[in-house]
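Have the model open as you read.

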Amino acid sequence: MAYRKLGRTNKHRRAMLANLTKELIKNESIKTTETRAKEVRKCFDKMVTYAKNGSLVARRNALAFLHNDNEAVKKVFDELSKRYENRNGGYTRILKLTERKGDDALMVVLELVD
């Protein structure tokens, strides 16, 4: 599976994606760059897939990815899995905003659907 390196080392990238995924779960909307949003979407889809599975192994995998954030994992497994039980993907939407002033990166809002 191809992924974007985002100009970071492997550990930094994984930590950044985990933190952005946690914020998306908690706030249900985040403002970030387009390339980061596209990568976070993949991580969030994996978390919802784990939650739909609902097994202990899936919960532990989600906890491992989200750095043992029990609140986020509880929300995904209890609320979001029920919200998306009849949906096969497409849990997020990307709304484009303007370019960032400093480096002209396209800013977007990544939010959950429904």
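This is a predicted model: local features need pLDDT of at least 70, side-chain atom pairs count only at pLDDT 80 or more; totals for chains, interfaces and linings use all residues.

Lys-42 is partly exposed, at 33% relative accessibility.

Both residues belong to helix α2, where three residues, about one turn of the helix, separate them. Arg-4 joins in too, giving a salt-bridge network of Arg-4, Glu-39 and Lys-42.

## Glu-28 and its two partners

The structure has 11 salt bridges, and Glu-28 takes part in one with Lys-75, the closest N and O atoms lying 3.2 Å apart. That's a link between distant parts of the chain: Glu-28 is in the loop between α1 and β1, Lys-75 is in helix α4, and they are 47 residues apart. Glu-28 is partly exposed at 25%, whereas Lys-75 is buried at 15%.

Glu-28 also pairs with Arg-83, at 3.0 Å between the closest N and O atoms. Here the partners are 55 residues apart, with Arg-83 in helix α4. Arg-83 is partly exposed, at 28% relative accessibility.

## The largest pocket

How much space does the largest pocket hold? About 430 Å³. Its lining has 15 residues, and nearest the centre are Arg-14, Leu-17, Cys-43, Lys-46 and Phe-65.

Helices α1, α2 and α3 each put in at least two lining residues, with α2 giving the most, six. By type, the lining splits into eight nonpolar, five charged and two polar residues.

Note on methods:
Residues are numbered from 1 along each chain as its sequence is written. Side-chain values use heavy atoms; hydrogens and water are left out. On a 1 Å grid over the protein atoms alone, a cavity is a set of points where a 1.4 Å probe fits but cannot get out, and a pocket is an open set with protein on both sides within 12 Å along at least five of seven lines; lining residues have an atom within 4 Å of a point. Grid points are joined across faces, edges and corners, and a volume is the space filled by probe spheres set on the points. Helices (H or I, at least four residues) and strands (E, at least two) are DSSP runs, numbered from the N terminus. Ala, Val, Leu, Ile, Met, Phe, Trp, Tyr, Cys and Pro count as nonpolar, Asp, Glu, Lys and Arg as charged, and the others, Gly among them, as polar. A salt bridge is a side-chain nitrogen of Lys or Arg within 4 Å of a carboxyl oxygen of Asp or Glu. Buried means under 20% relative accessible area, exposed over 50%, partly exposed in between (1.4 Å probe, protein chains only).
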